[in-house]
Structures are given as structure tokens and as C-alpha cells.
Amino acid sequence: MEPSEGTTDVVHPEVRAHINSLVSALGGFSADDDGRYVLGDSALEVLRDIKKWIRFYDEKTNRMDVARCLAEANIVDGDLLHILATWPENETNNKFRARAALACFEIMVPLTWPLERDRDQMTVNHHRHLPVLQLAQLGYKRAIINFDAAQILHTAVRVALPSMALSRSDRSGRDEGIIKLVLLFLRNVAMISPPPGVQYDGDESQISRSALIDAFSYQDILLTLLTIASNMGDDFNQEGVIVMEIIFHLVKRVDVTKLFMDEKQLGKAKSNELTAMMNKEAAMHRPYNRKAPSRHNRWGTMLWVDRGDGKVSTVTGQDALLDAATRQHKMDNSKVYRPPRRPRKEDMEPKDLGPPVSLNARARQQLKGFVEEFLDSSFNPLFQHVRKKIDEQKDYVFEYHSRQFFYLVSWFLEAERVRKKVAKDKAKDQKSASAEDVGSFNLVAGVLNQQTFITLNRAIGDALESKRWQELCAAMRCFTQILLTVQEMSESGNEDDEEIAENILARIFYEDETHDRIANIARDYKDQGFEYLDACTELTHTYLRVLEAYSKQNVDMQVRSRRRVRKKKKAANAAGEDEENPVEEGDDSENDQANAERTSRERKFDFNRFVNRFTPQGVVDTFVKFTKYYKDLDDTQLKRAHRYFYRIAFKQNMSVMLFRVDIIQLFYSMIKGQEPLDKASSMYKEWEELVKQILKKCIRKVEERPQLIIEMLFSKINATAHYLEYGYEKQTLSTTQSRPAAELEFRHLVDRDQQIAIAVGVLLDKNLADHVKWLKGQLSTAETERRAWEEAEKAMPSVEGPLVEGGEKKDANEVEKEGAKEGENEGEQQNTESSPTKEFPVISIRTDNDARRTAVFKNSHLRLLMKLVGIERLVPDIDETPESAWIIPSRLTPDQLKESVDLINKAEFNPPTFEDGKLAEDQLRRKTAPRKKAVFDDDEDGGIVDDDDDEILFPAGGPTTRKVADAHLDKPKKTRRRRRKGSEAAEEELGEEELQEKERARREREKAKARRFKSELYVHASDDESDEEDGGGAKWAEFYANEERIRQRQQQVAAQHGAAGVTTTSVAKAEPVKAGIVREERKRKRKAEMLGESKGDSGDSDGDDDLVLAREDDDDEEEDEDEDDLSSRSRKRGARDEDEDEEDGGADDTPLSSPGAGEATGAKRRRLSKEPSAAAEEEDVDMEDADDDVPSSKAPARRRRAGFVVESSDDEE
């Protein structure tokens, strides 16, 4: 339907005509009834038609034409509200009025649904209609909450009251839909607000937050919300998320401190704010008035500014005559070069919060009463329920719900603390208050448990990884308020609260992962907006302050590190690495045991060491960016930045991190600049003293180390900062033991002489011939010593011969045996002289200098050559050090040593050559280190220590024990994927493209969930409900009568079949086996046809196609059946035994496992009827007349009616 040419209407004329005709048919104001609104004859059907237009035209086609037409037709203010007003309070049982009211709300909910600007899916219609519909929604809100003839919000609750009165188990799907519809209507009304940049023509006080709270209070909506929230989880389930949304839009951006002030305190606070704003304005005008032009010097001015070296610059304007700083500033602004502008980023500020809200006295008292009642009765049930739904990731829970959850938790925790403070102050004045009323924190205990901390940590981690800054900001606010609440509990003086606070802080600070995350958040800030910056700095300040106080009280504080026990492996060098067998150079798999023990010794928490994580330049830059807003910060925020810079400069002695030109300029501008801090501020004196001391230290440090002048232009790493601060580099002691060079192996199997030649060739190629020469000298010396020792041993028997002969005969016999084995038949003396009985002594390898000792420890090729000639180590690989001894074992004979020397000399004078110009080094590759798994290793078992381990380093549950009943709450929903062995360190962080792809997929899932959620807000059952009043009784009566006739005929047929033994299957009792029965009946029909064709029998049968007769005298006929028939019957045997037992009605009680059962059922299957009975034909005819055909994928032989499955062989012909 395209609009005709030449028209300027943004909506198709036919659509507008249909909508206008429907609106006109709703009803109107009658002059006969004193101007009252009168419904049309088919008002209910018209309302349902309008709902269908909205649903099937606007939502299905992603257009807004119907909503635009309804807005221009003024259907809400002109018709729907007046229809709701026609349902008086005393006519609760009027079903027609109740249905009409429900239909009105089914139209108003999509009309007031929040409008979102999705640039990816917006069309021309969206750009045309969105501004108009936004203003129309403001008109809807004004008309709804200010309607005089009836209480519209109260009427919405009346529509849902019958459904709410039912217990949760007795409610139908329609009841749940009505309750959800009404709550969504209240949510939409509370959510509508003037969009930024759109001017509202009406009175904004009629749609303000104060007007909304007043309407909610007057029409008992606040009481309804309290009732639902307090019964959440018992009587209500899915409604908790919607109730949380309504409360969020009621309290967002409301100042908690002012909410609990009385009139006198509030008036004083407002006067102080006005005074502060006036002083700030005066401070802004003061530097301008000092140099402002007068009426006598308004003439044009042009100056030449000498820049030195004969160069001048032209500057215009009389303000250039004031001082050199102004001239320099004008010169900088007049430069031709401009840095490239970055594309405008999306607004990082939270869009759903809006500007700060100012409430009038009436609305403030109403909201204060609601907040107090909510804290007393509904806080724990609602937020515990919503937290569970967020963890379960229900379909009706969206991404913004977790953000609203954390914001509300933080807001109400702050409200509880302010309320307790006000109550404590009143108790001091009145000197009468019970400690329980002031000191108990049981009302907010639902968000101070371990499950909430798990949800919060998971949300912070996920938001930080996927860069969802608004959600991270809300989570940081929540975490901050939890820390402040727990700190107040620890200082309350109540022993129970102090013990609980101690337990909570122990759980929070026990995880080292939490410490790292806080430091990373503060370090990685970059253009996320002021709201995020404020939340980040507040969390850092609060976390450090609370952790410092806790660590002082608990000197033996322990933390648990969830880092991998074994160090991350370094990337292997490409040179000399085999693709088929890669080995990383930094593989320390042999030192798993030592690394694990070292990690376990570092579990003691040291606050001074932890606070050093907040000294890097990134964290300093975050607080510097926050301090640049000093003109807009309040005293609390200024104090936060002051404490951080004081900690850096004086507590940690890292003031050089602040010695940068822009930071010094900022500090100077805050005190002596053109726009300094207000001197009336309570923080001015502290900042003035801090800046003065920092500048003194900077000047003193420049005098000590002049190189600081250059470093003031740049950011500083920790090593540079330590050198500038102390004058020497930071001394670090290596806690890791140096490891020997990696072992090498040959790529191909070669002989020993070729192996030695390759090893010598590599050393010669690397100009390490001195190592070869040294090794030859060691071998030659060892050979000489071995030959001398051998000659001495041979001479010993001739001198000590009688002693040997006079000894035991056992040695002589052994010598004879050894001689016999070698095949020598000489005398004992001759045999003894040729084979010494003693082993050679071990010879130690001596290095001639330190370089040689290092080469023996670190040079892989020299170590390979030493091993090839037989030299060994005395210690194992894991214990080897540069001082470890190498020996020539006793098994090497002088001839073997001489052979090794000869092979080395041969390789020196005739180095080996290889094909394709390859070097000797190419014939080697790194050898895979043997995996020696430590008991603390977490690669294979996910970090779980074996049960048979005597000592558990990290006991489960942290410093406090957990109940067994709560163990299931800590189970993750999905198992994490473990890193593979060969993964590189660069793969740990997701790339930018992958993050964008994940973000796009996440948005698509959210949109799909939103579409499903919105499509289910209609109460479908309302279209099916009717009575005699709406004029549809005759039509439905005829339908029911026809259904009753069909049911009676089916009952008669079923009774006849039951008497004959026919199997009928009830849908209500045997729905899962219906398809199987239909297949069996088809097989029976095919069998009957085959039997009829094979035997030529046209005799009548006294049963239909479903009848199975048990005849024992058909054995002869069964022998003449086809093989196909027999195979078909054998396949059906198992499925039909069970059915035929039911047909017999228990006549045969023989178990199926007994032989008798098989024979009986086999006899029943021997004969089938060939033709359907007359009753079956009549039944099929009746069902074809009464009901439509059921489509089938294979054969149209299956008919369903009244819960029965009836088959006929006629349909297969």
C-alpha cells in the first residue's frame, strides 16, 4: 500500500481511514446523556481490532503508522480514559465493563511502550514518527495521572485484583498475563519523561517526578508495589523484575541525603547551595572583571610579538596588551595547525538516569514514607528474588535489569545508612532510643550474603571484559555502598553486627582476584564519562580506606590467589624449532613443584605491597582527570582526590609520579590560577597545603637530580620513578633458579660418528672452536690417566701373586668362569693380567675459567657434544647449577676415549656437508622436556587438589566455612574452557574485532528477547471469553451444539468398538504412544490386503480393520503366507504384544516373559480382517462432515476427533 503521488501525508490514506473509522466506532459524547461518554454498539470488538492493528501492522512490519494515527486521533485522552471512567467502583462484578477496561489497557501498553533509537534498524518511518510519538507519550502521561473523572492507575490495579487474589498455583496463564500487563502499564507511565532536546509545550510540573509520586501515592499504587514486593517468591514470580523497574524510575537521581531531612534542615541546605553557586559565579567573573575592557579602549589593536632570532608574530586585540601569558595564549590559538579531530563517541553517561530530580515537599514526604516501608518489609524478598533471576538468565531478564538492580541496591543501602544516621542523631537529642532500632542491619542482609558477592564479581568481570561501561559503573556504585555499609556495621557497637561485618570483609578481601580487578579498573580509565570516573575514584578511595583499616586489625590476613601455579610459558624462538615437535624455550614444567611451593608462601597479605598497585601512571592519570573538574566537585569529591595524592606523595614516597608539567600546572591553577578553588570551601586549606608541599618537594628534587627537568615532560614507569626518588635503581632479588640450556636431539637417525661430526660442525660454525679444543684436552688427559691406571693394575698381581693364590678359591673359580665366557683357555695368572677386576676411577671435568663454566651450563651444543662422548652429570636436571660437577664415568675405556678424540679431530678437518645448503645446526631440534607434574598443578584437574594430599594449600570456602546446603549456590552455570598448551600470551586478550562481534551478537540476543517479551504482553484469552451481553452467544452456542453432536456419535462408535475388542486410544492418557499406534494400524491394513490378495478370500469379517481375532485353528493358513508377510509380522511382534494385552482387558494374565504369553499373542496375530466394518465406514463419513482434514506428511489415513485415532483401509486405496 504505497501512498498516492502528490500527497504530503506521512501515513498511507487507507491505513488512516481504517484507524479513524475504528476510533469513531468506539463511542462518543452524547448530548442526550448530559454530555457523558457513551460506548458504541461494538465497542469491545473495536478495541480488539485496534489491538490487532497495532500488533500485526506496526510491530510485525516494524512501522509506527498506526501509533501515529492513534496519537493524532487522540484516542487515549478522548476515548480510552473515558471508557475506563464508565466502570464505577461499586460495579466490580460487571464483566463487560471489566473486559472493556482490560481491552483499553491492552491498547495503552503498546502506545506508552518506551521508544528507542536503534540506528541499525531505524527506517524513514522511525525518523518521521519518533519525535511526534515522544511528545504524544508525554501527553498520555499527563492525561493518565491528572485525569479528574476517574483514577486511571487505581482502575488498572482493579483489573488485576481478581487475578492477584488467586494463589500462585491456581492462576492460569491468562491471570499471569493480566498481572504482567497492568504492571507494564505502570512501568511505562513511570518511565515516560521529556526526551533531551525536545521542548514540551505543556506544563512540565504535570508530568514531573513530584506529580508522578503524588499520583502513585493518592491512587494506592505505592501500597500495591509494597504488597507485591513483600510477597515476592511466594505469591509472585516473574513480576519481580517489573516491580523493580517501577521502583527504579521512582527513585532514580533522587538525593538520599535531602530525602531524610526535615523542613528546617532542607531549607538550610538549599540556602547553602544557593550561596555556594553565587560565590562560584562571582569567582568566575572576578578574573574577567580584573582585565575587562572599558569604553575608552574598545578600538582595534594589532601587535608584533618578538619571538627571538628576528622572528615576530602578529597578534590582534587589546587584551594582548595585558600580560605575556595572554599574548602567548592568543598566539597558541592563532596557530594554523590543528590536531585531527576524533570521531564523536557515543555518550557514555547513563541514558536511563536523566538529570538530577528536585521534589516538592509533598512528594518528598510520600517517597520517604514509601522508602521506609520498603526497607522494613520488601527489600530482602524483592532483591533476593531478582538476584536469583539474574543469575538464572531468564528470558524476561534483559541486560539493563542487572544495571537497575545494582543501582537500586546501592541507592537503598545509602538510604538505610542515612536513615540510621538521622535516627542516631535524634536519639542523641532526645536521649531515648533503643539500640535495636538504630543498630540492626537485618533489613538489608539480603544483599550482604555470599551469593550477592558472587553475582557482583561476575558482573564486574563480564562488564569489564565486554566494555559495558554503564553496567560496570552501576556495579561499582553497588560495591562501594556495600563496603560503606559493612564498615558502618563494624563500627556500630553491636557484637552481632561486628562479627557479621568481620566475616563479610574476610570474604571480600580473601580473593586476590578482587584486589587485581580494582587496581585494573582505576588504571584503565579512558573517556568513559564523568559518571564512570566518579564511580571509579569513589570505589578506589573506599576500597583502600576499608582494606587498610581491616589489615591493621588483622595482622595475619591471608589472601587466596587464583592465578595459575605454573608460570606462563614464553614464546619459543622460531630458529631451530621443529613444526612437528615444537618446544617452548621457557618451558619450566620440570620446576612445577618449586613454583607451587613458592606461590603458597606468598599468600600472606601485605597492604604496603598491595597499595603499590595504585602508584602506576595510569592510576595517577585517572585521578588527575577527575581533579580537572575541581570547579564542579563538592567537598566529598575534592577530599577523595586530596587523600589519594597525599598517599602517593607522602605515605608511599612516590611524589615523582606527580612531577609532570600538566599535573604541576593543574595544582598551581587550583590555588593561584585565574579560576582557583573557592576559599570558602572547607577543602581549600588542605589543598593549599598539599600543593605547597608537593611544589617544595619538586624543587628540592630538581636540585638533587637535574635530569628530572627532562623527565617532567613524560610519564614515568616504576623503574624510572624509583631511580628519581631514591637515586639508584631498584634492586630485585631473583627468586627463580637459573636453568640449564635446553636439551637438543637429532632430527634424523644417524650413526655416532655422524652425530659427533654434526655437533662439532655447529660449534665451528658459531666460532666456538675453543670449546672443542678444551673438550679434546679433557678427553686426552682422561685417556692418559686411564692407561696409566690400567698399567698399574696389571703390575699389581705380579707383586701380590702369592697372596692371591693363598686366598679363597672362590675368586679363582670366578676368574675361570670369566675366562671361559670369553673363550680363552689360558692359565689363571694370564687371564687375570688381561682383564682387571677393578673399575676405572671416576675423572672430574675441570673448567679453566668462568666463561667455560657458563658455556657448560648454558651452551646447548657444547652440552650435546659432551654427552655424545660419554660425559655425565652427577646431579639430576632439576638440581643442576652452574657449579654442578661433570664426570667421565668408569665405564669408558681408554680406547673409547681415544676413539672419541679421533672422531672430533676428523670432524674438525673434514666438517660434514648437507644437501640444499643446510647447516649442521639445521640437523638439530629442541627436545621436549619430560612432564613432571606437581601436586599443586592445575592444568588437568582444574585447580582441585587430590583428595589424598596431606596438606591443602587453598582450602575451599575461604577463611570461613560454608554450609553443605549452600554448596550448590557456588556452582558455575557453564564450565570455563581451559587454555591449550601451545596458546600464546597474546591470545589471552580478545581482539577488537572479536569484541565487536560479541557485542553485536549480544545486542541481537537482547533485541530478540525484547521482541518475544513484548509479543507476550497481550492477554490472548480475553478474545475467547464471552457472555450473552456481547452479542456472540448464538454463534458460540451453535458451535458448542455441533461439538456435542460429534462427541455423542464418537462415544457410540467407541462403545461398539469396545464391545468387539477394538483398541481406542485416549489423547489425555496415551498421547505419547499415539503415533506408534497409528503406524501399527497401517501395518495391519497392509497385512490384511496382502492376505486378501494371496488367498483370494472375499469372505465377510465380523470386525473392522482394527479388530484382531485370536483363532487357534488357522495354523494351516498361516503356512501359506508370503515371506514378506512373515517378516512384517515378526517386526510388529514386540510392539503389538503390549497393545493386544490391553485389548483383551486382562483376559490373559500370562506374563509376557513366559512361553505361554508368546504363543497366545502369536495366535491372536494370525488372522486379520480384509474389509472395514460398517460402523467404521459410518464413523469416517461422519468425521469428514464434522471436521476438517488433518494434514499428514505421508498418507491422509489418520483422523482425529474427540481424543480418538481412527483409521480406515478405504483411505489407502
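# Exercises on a predicted model

In strand 8, Ile887 is the bridge partner of Glu872. The structure is a predicted model.

**Exercise 1.** Work out the strand order of the open sheet of three strands, and identify its edge strands.

*Solution.* Start with the pairing of strand 7 and strand 8 (residues 886–888), which is antiparallel and runs over two bridges. The sheet as a whole has the order 6-8-7, with antiparallel pairing. Strand 6 (843–844) and strand 7 (872–873) each pair on one side only, so they are the edge strands.

**Exercise 2.** Check whether the span of helix 16 (residues 379–392) agrees with its number of residues, then find what its buried residues pack against.

*Solution.* Step one: helix 16 has 14 residues, and at 1.5 Å a residue it should span 20 Å. Step two: the end C-alpha atoms are 20 Å apart, which agrees. Step three: list the buried residues, among them Phe379, Leu382, Phe383, Val386 and Ile390. Asn380, His385, Arg387 and Lys389 are also buried. Step four: these buried residues pack against helix 10 (221–230), helix 11 (239–251), helix 15 (361–377), helix 17 (399–430) and helix 19 (450–466). After the helix comes Gln393, with a positive phi near 55°.

**Exercise 3.** Classify Thr485 and Ile709 as buried, partly exposed or exposed.

*Solution.* Buried means under 20% relative accessible area, and exposed means over 50%. Thr485, in helix 20 (residues 469–490), has a relative accessible area of 1%, so it is buried. Its contacts include Leu413, Arg417, Phe441 and Leu448. Ile709, in helix 30 (residues 708–711), has 46% relative accessibility and therefore counts as partly exposed. Ile709 belongs to a nonpolar surface patch with Val661, Ile710, Leu713 and Phe714, and together they have about 490 Å² of accessible area.

Terms used:
Residues are numbered from 1 along each chain as its sequence is written. This is a predicted model: local features need pLDDT of at least 70, side-chain atom pairs count only at pLDDT 80 or more; totals for chains, interfaces and linings use all residues. Side-chain values use heavy atoms; hydrogens and water are left out. Helices (H or I, at least four residues) and strands (E, at least two) are DSSP runs, numbered from the N terminus. Buried means under 20% relative accessible area, exposed over 50%, partly exposed in between (1.4 Å probe, protein chains only). Contact means heavy atoms within 4.5 Å. The expected span of a helix is 1.5 Å times one less than its number of residues. Patches are made of residues with over 30% relative accessible area and no salt bridge: like charges are joined within 9 Å, nonpolar side chains (Val, Leu, Ile, Met, Phe, Trp, Tyr) within 5 Å. Accessible areas come from the Shrake-Rupley method with a 1.4 Å probe; for residues, only the protein chains shown count as cover. A salt bridge is a side-chain nitrogen of Lys or Arg within 4 Å of a carboxyl oxygen of Asp or Glu. Lists of a residue's contacts leave out its neighbours within four places in sequence.
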